[in-house]
Structures are given as structure tokens and as C-alpha cells.
Amino acid sequence: MGRAGTGTRGAAVAVAVAGLLLLLLLAGAPPAAAGDGKKSDVRLVSEQFSQSPQKLSFYSWYGSARLFHFRVPPDTVLLRWLLQVSRGGGPACTDVEITVYFRYGAPPVINPLDTSFPANTSVQPSFLIKMLQSNASVNISHPAPGDWFVAAHLPPSSQKIEVKGFVPTCAYIFQPDMLVLRAVEVFILEPDVPLPQTLLSHPSYLKIFIPENTRELRLELQGCATNGSLGCPVRLTVGSATLPRNFQKVLTCVSPSWACHLLLPSPPWDRWLQVTARSLAGPHVSVAFRAVAALTACRPWTLNSQHLLPSGTNQSCNASAGLLPPSPGSRGLGRSSGLGSGPFCLMSYPVLREDMDVVSVRFRPVDRVSMLVQSAVPSVLRLHLNTGMDSGGSLTVSLQANQTAVTNNTLVVVCVNAASPFLSFNTSLNCTTAFFQGYPLSLSASSRQADLVIPYPETDNWYLSLQLVCPESPEECEQTSVLVETALYLVPCLNDCGPYGQCLLLRRHSYLYAGCSCKAGWRGWSCTDNSTAQTVAQQRVATLLLTLSNLMFLAPIAISVHRLLLVEASVYAYTMFFSTFYHACDQPGEAVLCILSYDTLQYCDFLGSGVSIWVTILCMARLKAALKHVLFLLGTLVFAMSLQLDRRGAWNMMGPCLFAFVVMVTMWHLAHAAGGKCGLPAAAARGAHRALGLLAEAHVPLSDL
């Protein structure tokens with residue numbers, strides 16, 4: 001009752017704090033206004049999202065972290081996370097540091113143990129906060145709509161083996177609430193159509209749709225005037241905030257003497273782009289301007305199966321020669337530049353997505369494995385990772401160039417980007433688009449293979465761009481092309497966590513993600529960090545010590561057979577057999593032998609250990625044969641039931657054994673006969689069976705309890 005009351009009071013306090021914070025959020029955020037008059041006021045609405053709390057654990061692997069999945073609605077101008085932590089009231093509850101991570105688009109990639117990642121793995125630093133047992137909040141202005149993830153855990157665990165039920169524990173409960181302010185009226189900025197705006201003391205919210213195959217976006221402010229005079233004290237914030245990296249662009253316009261514009265190469269395709277305009281003038285100062293957006297279209301050269309070149313040829317193609325027709329489905333880029341005119345800007349390869357299993361996808365170009373890479377335009381593959389269930393694995397990219405095609409003066413530059421492809425290879429090789437920093441790779445004569453691993457890729461369309469460059473002699477690339485073989489996969493765990501790890505599928509409500517659980521001292525994201533690993537010799541010695549120690553059962557078996565205690569001998573033989581092979585199977589690394597499934601061997605070992613102690617104590621109680629065998633059977637059934645309920649509960653084994661011990665003491669107290677049922681004098685019987693019980697009990701390790 002006391003615990004239930006504490007939980008009720010904690011829930012009431014949490015609701016009160018959330019309600020108070022929501023009122024502060026509404027009161028503190030100014031109602032964004034734009035335009036002239038009250039009809040142009042942009043009203044904001046508030047929304048609150050919450051999930052059921054989770055009990056935190058001390059960190060040992062990624063499964064120890066508690067994951068929360070939220071969806072931020074479109075047109076959100078302010079996001080506030082309310083983080084609530086509560087704990088129990090026992091003596092074991094102390095103030096501990098709680099680490100909370102935030103990430104947009106995918107679960108956060110964390111490394112609390114400071115372990116190494118596999119080779120060719122690209123990891124960005126995580127955005128995190130550390131907090132004690134107190135409430136905290138995190139504010140994000142103009143967050144990106146879509147999936148947001150929050151992960152939390154306690155400090156790293158001590159790795160001590162503790163018997164369940166005998167060590168006091170403390171429950172730390174964590175619950176994040178998401179409060180948002182969303183604009184219900186946002187001005188639509190159409191391409192090449194000036195949009196008049198008037199700013200006072202509140203910002204103006206705009207958005208423009210970026211269609212597919214957009215190469216460049218230009219935003220410009222025209223006709224700026226402050227209270228009727230020339231001047232343009234306006235700050236433009238373009239794009240949405242993401243974590244851990246934020247690529248929002250800020251344009252500050254002050255002087256009317258120069259054109260105020262912002263140029264964004266490769267903006268994110270097929271989505272709305274948020275634009276916020278704020279006045280830098282003082283209060284009650286009116287600033288008027290016209291916002292103009294211009295889109296530059298990209299004319300794609302889509303290679304269908306009938307247009308693909310044979311794999312064995314090494315031909316050069318002129319991208320501007322029009323050998324292949326442009327994609328007929330690419331339209332609607334506005335009046336800035338027509339799609340049907342102008343040179344091609346990319347060579348698009350159709351990609352087949354093959355779903356193989358949960359968080360397991362294969363991507364390959366249609367009808368072939370190789371891509372033709374030239375110097376005129378980049379070759380682009382689009383990987384569809386936008387289903388909402390693809391961010392819980394690892395994206396692996398493996399590229400290999402033709403050995404005879406790549407010379408000493410040629411270089412194949414590769415960029416892996418989300419939201420839009422990198423197309424500016426002729427001016428830069430940094431793989432940076434408007435709002436994303438891509439992952440660069442390269443293929444050369446000295447290195448014809450390149451690999452990249454991206455753990456937990458963001459939910460989006462990903463693009464693989466390749467182009468041939470000749471740094472020393474550009475004219476040499478004009479008549480050269482290279483065939484590049486691609487192997488593109490989304491896998492739950494890289495290399496299935498290797499020989500010293502196990503890939504486990506984790507779940508938070510309907511969201512699935514994978515993580516590696518390492519053994520034998522190996523650590524790391526994919527169990528590749530061997531800084532604390534056991535050697536093969538250490539593994540074999542540990543396995544032999546655990547398995548050969550079961551030979552101690554031979555002495556009790558021999559004594560039981562000699563005294564015609566066949567039931568007891570059978571139980572000891574059963575326990576020796578399954579304990580030997582359970583410990584042989586319960587080993588990490590190479591020294592492993594499993595004759596049955598791990599779960600079956602574990603259950604049989606735990607059952608045999610408990611029943612061995614049970615029959616030993618009852619045999620020492622000097623019961624009548626009929627009553628003794630009835631208790632043997634009943635005790636075995638009770639053990640089987642209790643192990644099914646909770647296999648690692650200490651009292652499931654100690655309870656029946658204590659009952660048997662009470663029966664033994666009671667029978668000894670009531671017995672007046674000189675000999676026991678076991679066929680020996682009383683003193684000798686007690687000594688022999690006490691030694692038998694000690695041998696059986698000494699075999700049961702604490703881990704089995």
C-alpha cells in the first residue's frame with residue numbers, strides 16, 4: 001500500500017508540473033504575427049505528448065538504455081522536453097547521475113564505456129545532458145518534424161554477480177514528456193512569386209516546398225523598408241533544428257545597399273522547408289519586405305534497363321549528348337528553370353529494395369551490380385530508408401572499382417548523404433549539402449575498395465553520389481569511365497556481432513532496433529574491442545574448470561549405489577550430466593559445446609541442482625520409504641513449477657530446501673531408534689548423509705541460484 005501511495009503522489013506531482021510547464025510555455029512564447037492587421041496574426045496551438053515511464057538500469061550494453069520514441073508534428077516552432085525522475089524510498093536509494101540522450105531521425109549512438117567502434121564506422125558525437133534526481137527541461141526552437149528519440153541510463157554497472165533477492169536494490173523511474181507549440185497558419189512561399197510581409201515585434205513563419213530534383217534554392221528579400229524609409233533589419237532562419245548536429249542557416253540583413261539573399265545548394269528534396277523572419281528593429285518599428293524564392297531544377301538522366309551498358313565494356317558517355325531520355329516523372333520545379341531544357345546534372349540509377357528480414361534490407365541497382373561513373377555528371381543511387389522501421393540497424397556501404405579502369409591520375413569520389421544528393425563535385429569535395437554533412441569516400445589506383453558503416457541511420461531517403469575526377473589533368477577524365485561494384489545493406493548488427501557477441505532485437509512499443517551483447521570480456525558497438533578480452537587459453541581453462549568440477553558427483557553416486565539408494569543416485573547422475581553440458585554451452589567465444597538448446601540445458605541444470613539438495617536432506621531425515629518417495633515426487637513437481645515462474649529467484653530453491661531441513665530436524669527429534677532408514681547406525685548415517693549433502697550443495701554455484 002505504501003508503494004502504491006508513493007506512485008500515486010508521484011504521478012500527481014508529475015501532472016501538476018507538466019500542467020504548470022505547459023502554462024509557462026504558452027505564456028512565455030510570443031504569438032508570432034505577420035502581415036498587416038489582425039487577420040494576418042499567426043495563432044499557435046499547444047500539444048502535449050507523453051509515454052509510460054520506464055525503470056532505468058545501470059549501463060552495460062545498449063539494451064541497458066531505455067528508449068523513448070516521439071513524433072514531432074509539422075510546423076512546430078517550439079519543442080520542450082520535460083524530464084522527470086523519481087526513485088524509491090529504501091536505504092539503497094542514493095543520488096545517482098542519469099544520462100539522457102536526444103537525437104532526430106534515429107536512436108542515439110552512445111558510448112558511455114568509451115569503447116572502440118569497428119573499422120570504417122562513422123559516428124557523430126551524441127547530444128546529451130546529465131542530471132541527478134530532479135526535473136529538467138530541454139528547449140529546441142523550430143525542431144524538424146518526424147521521429148525524435150530519447151534514451152536514458154544510469155552510470156556503468158559494477159559487473160558484480162549478486163544473488164537475486166538478497167541484495168537491496170533501488171528503482172529509478174524516468175519519464176519524458178514532450179510539449180510543443182505549433183503554428184496553425186503559415187505563409188506559403190511559392191517559387192518566383194514575391195510574398196509581401198510586415199514585421200513588428202513578432203516573427204513571421206513561412207515555408208516552401210522543395211520538389212525532387214532541385215539543385216539549388218535562392219532566398220532573397222526585396223524592397224525592404226523600415227517605417228517607410230530604406231533599411232532591412234531582418235534575420236532569416238532557414239531550415240529545422242536537428243540533434244546532435246544542427247545545420248540551420250541564418251541570414252542577417254542590415255544594410256539596404258547590398259542584395260540580401262541566401263543560396264542553398266542541394267536542399268532536402270520532396271519536403272517543406274521552414275523559414276522564419278524576425279525583425280532586428282526596436283519595438284513598435286514596422287519592417288516591410290518581399291520574400292522571393294527561386295528554385296534551380298536538376299535535369300536527371302535516368303538509366304532504365306534497356307539503356308544500361310554491358311558490364312564488360314568500358315565506354316565513355318557524354319552526359320549532354322542526350323543518348324538517354326530524361327525521367328518523365330520529374331516535373332513541378334517552378335518557373336525558375338524548366339526541367340526539359342539545359343544539360344543533365346546527374347545520372348540516376350534505379351534501385352531495387354529487397355526486404356530480407358526485420359531491420360534487414362538489401363539495395364542493388366536494377367539489372368546489374370556495377371555502376372558506370374564518369375567525370376561529366378555524378379552517378380546517383382537512392383536508398384529508401386524512410387519507412388520508419390529502418391533506423392534501428394546499420395547501413396553498410398561497400399564499393400569496389402574495376403582494377404583496369406582506375407589509373408594513377410584518376411580518382412572516384414563518393415558521397416553518402418541523407419535528404420538530397422551531393423552534386424557539386426566540380427567545385428568542392430566536402431560532401432556538404434544545404435542541411436547535411438555527408439560521408440566522403442574515395443577509390444583510387446592504390447585503394448580500389450572503400451567501406452562505410454553508419455550505425456542507426458536517420459529515417460530518410462539516402463543518396464550515394466559518385467563522380468570521376470582527375471586532379472592533375474582534368475582533360476584525361478573526359479574520355480574515361482569506371483565501373484564500380486556496389487554492396488549496399490541494412491543489417492541489424494554488423495557481422496552479427498562477431499564470435500564474441502550476440503545480436504539481440506530490442507523493442508519499444510512497435511519500434512524495433514538491434515544491439516550487440518558481448519561476452520568473454522569483449523566490448524564495443526559490435527563486440528570488436530578486445531582491450532579487456534579473455535584469451536582463448538583463458539576461455540578453455542575456465543570451461544574445463546566448470547565442467548570437470550561436476551566429476552565430484554561420482555563419489556555421491558557410488559555411495560548411493562552401494563547403499564541401494566537408486567533414486568538418489570539417479571538424481572545425482574542427472575544433475576552431473578546436465579550441469580556439465582550446461583556449463584560447456586554457457587561459455588563465450590570458441591570454447592563452447594551445446595548438445596541441446598541453451599534454454600533447455602539451463603532449465604535441466606537448475607532443476608537437477610534443486611532436486612539433488614531436496615532428496616539428500618530427505619534421505620537424512622530417516623523417513624519411511626513410502627513417505628520419502630512421495631515427498632521426492634512432490635518436491636520435484638514444486639521445483640519444476642517454481643523454476644518456470646522465476647528461474648533465477650533464490651527463494652524458489654531455498655524455500656523447498658528449508659522445508660526439507662525442518663522435516664529432517666523434526667524427524668531426528670522424534671526418532672528414538674538406533675538406526676536410520678538408510679541402513680547405517682544413527683551416528684554413521686548422519687555423518688555419511690551430511691557429507692553427501694555438502695557435496696551436492698557445494699556443486700551449486702551462486703549464479704544458478
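Visitor: Let's start with glycine 635. Buried or exposed?

Guide: Glycine 635 counts as buried, at 3% relative accessibility. Buried means under 20% relative accessible area, exposed means over 50%, and partly exposed is in between (1.4 Å probe, protein chains only).

Visitor: What am I looking at, and which cut-offs apply?

Guide: This is a predicted model: local features need pLDDT of at least 70, side-chain atom pairs count only at pLDDT 80 or more, and totals for chains, interfaces and linings use all residues. Numbering runs from 1 along each chain as its sequence is written, and side-chain values use heavy atoms, with hydrogens and water left out.

Visitor: Back to glycine 635. Which element holds it?

Guide: Helix H6, residues 625–645. Helices (H or I, at least four residues) and strands (E, at least two) are DSSP runs, numbered from the N terminus.

Visitor: What is the average pLDDT of the chain?

Guide: The protein chain averages 79, and 80% of the residues score at least 70. pLDDT is the predictor's confidence in each residue, from 0 to 100.

Visitor: Where does pLDDT stay under 50?

Guide: Over residues 1–41, where the model has 50 contacts beyond four places in sequence. Also over residues 674–705, with 56 such contacts. Contact means heavy atoms within 4.5 Å. Where pLDDT is low, the predicted coordinates should not be read in detail.

Visitor: How many helices and strands?

Guide: The protein chain has 8 helices and 34 strands. Of its 705 residues, 49% count as buried. Among contacts with a separation of 6 or more, 78% are between residues 24 or more positions apart.

Visitor: And the surface? How much belongs to carbon and sulfur atoms?

Guide: 58% of about 32,600 Å² of accessible surface. Accessible areas come from the Shrake-Rupley method with a 1.4 Å probe; for residues, only the protein chains shown count as cover.

Visitor: Which residues form the nonpolar patch?

Guide: Leu544, Leu548, Leu551 and Leu554, with about 390 Å² of accessible area together. Patches are made of residues with over 30% relative accessible area and no salt bridge; like charges are joined within 9 Å, nonpolar side chains (Val, Leu, Ile, Met, Phe, Trp, Tyr) within 5 Å. Leucine 544 sits in helix H2, residues 536–548.

Visitor: Next, H3. Which residues are buried there?

Guide: In helix H3 (residues 554–562), Pro556, Ile557 and Ser560 are buried. Down the axis of H3, the buried residues fall within an arc of 100°, so they line one face of the helix. The arc is that of the directions from the helix axis to the C-beta atoms.

Visitor: What comes just after H3?

Guide: Leucine 564, with a positive phi of about 60°.

Visitor: New topic. How many salt bridges?

Guide: The structure holds 12. A salt bridge is a side-chain nitrogen of Lys or Arg within 4 Å of a carboxyl oxygen of Asp or Glu.

Visitor: What does lysine 207 pair with?

Guide: Aspartate 75, with the closest N and O atoms 3.4 Å apart. The pair links distant parts of the chain, 132 residues apart: lysine 207 is in strand E13 (residues 204–210), and aspartate 75 is in the loop between strand E4 (66–72) and strand E5 (76–87). Lysine 207 is buried at 14% relative accessible area. Aspartate 75 is buried too, at 17%.

Visitor: Which aspartates bridge to arginine 353?

Guide: Aspartate 355, at 2.8 Å between the closest N and O atoms, and aspartate 390, at 3.0 Å, N to O. Salt bridges that share partners join Arg353, Asp355 and Asp390 into one network. Arginine 353 is partly exposed, with a relative accessible area of 22%, whereas aspartate 390 is buried at 4%.

Visitor: What about phi at alanine 419 and cysteine 431?

Guide: Alanine 419 has a positive phi of about 80°, although it is not a glycine. Cysteine 431, not a glycine either, has a positive phi of about 60°. Alanine 419 is in the loop between strand E28 (411–418) and strand E29 (439–443). Cysteine 431 is also in the loop between E28 and E29.

Visitor: Buried or exposed, those two?

Guide: Alanine 419 is buried, with a relative accessible area of 12%. Cysteine 431 counts as buried at 0% relative accessibility.
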